[in-house]
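Student: Could you take me closely through the salt bridges here, and tell me which parts of the chain they bring together?

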Amino acid sequence: MARLINSKKPDPPSGLGGKNWLVRTIPYNNAAAKFWSGLLDEVAADFPPQAEVILSAPTGGWLTPEQLTPERVVQQDLDNLSNEDMRQAYTDAISTLDLIGPPPQTTLRIQLPGEPLPLLMQSLEVLDAEILPFLLVWLLEWSNVPEVLWNEPAVHGRFLADDPVRHLRYRVAFRLSNQHLREGLFQREVTVSFDLETLTAVTVTAPDKSLA
């Protein structure tokens with residue numbers, strides 16, 4: 001995975017991001033697993049231990065299980081377009097972009113717990129506010145957070161993820177804030193803390209009742 005924070009720094013020896021994350025023995029090789037493992041690898045390589053990752057953006061709509069499979073959302077949009085006049089749909093889309101502009105970018109902060117100032121703060125060009133919810137829902141899914149709680153003002157979760165190829169284990173905890181700004185718009189901010197452990201042997205994550 002390409003670097004998200006600083007493209008000029010060399011990658012760590014083990015690389016950035018894994019091909020598979022094992023969570024409760026289930027392998028995940030989707031874009032969310034590659035994104036989160038790659039981002040946490042980069043933070044672990046470039047920043048002090050205990051540094052937290054904070055992502056925030058104004059996002060539209062509720063967090064829903066359908067966002068776990070974005071290809072279905074895209075297909076639904078295509079199906080809806082098939083029932084519209086394509087020329088009119090294109091004209092409407094251009095008019096909307098001219099009026100409201102492109103989606104806002106996601107802000108990234110790297111911060112040590114208890115410190116008032118971040119070690120780094122920047123916008124992520126590759127991650128706008130429309131993409132962020134598709135990554136947040138996977139943190140909720142991996143942590144077994146009930147769907148009825150996904151849009152609560154404050155949501156907490158944690159999980160273990162193993163990368164058996166690189167012999168790495170991630171202990172991840174997060175705090176998600178969903179601040180309702182107005183109808184259909186939320187300011188969302190997730191704070192992710194993690195430990196990265198090198199395993200001496202390939203160990204598959206066993207179900208852990210304390211993480212349920």
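Tutor: A salt bridge is a side-chain nitrogen of Lys or Arg within 4 Å of a carboxyl oxygen of Asp or Glu. This is a predicted model, in which local features need pLDDT of at least 70 and side-chain atom pairs count only at pLDDT 80 or more, while totals for chains, interfaces and linings use all residues. Residues are numbered from 1 along each chain as its sequence is written, and side-chain values use heavy atoms, with hydrogens and water left out.

The structure holds nine salt bridges, one of which joins the side chains of Arg175 and Glu52, at 3.8 Å from N to O. This pair links distant parts of the chain, since Arg175 is in strand S7 (residues 168-182) and Glu52 in strand S3 (residues 52-60), 123 residues apart; strands (E, at least two residues) and helices (H or I, at least four) are DSSP runs numbered from the N terminus. Arg175 is partly exposed, with a relative accessible area of 40%, whereas Glu52 counts as buried at 11%, where buried means under 20%, exposed over 50% and partly exposed in between, using a 1.4 Å probe and protein chains only.

Arg3 forms a salt bridge with Glu42, the closest N and O atoms being 3.2 Å apart. Because Arg3 lies in the segment before strand S1 (21-23) and Glu42 in helix H1 (residues 31-46), the pair ties together parts that are 39 residues apart in sequence. Arg3 also meets Asp46 in a salt bridge, at 2.6 Å from N to O, and Arg3, Asp11, Glu42 and Asp46 are linked in a network of such bridges.
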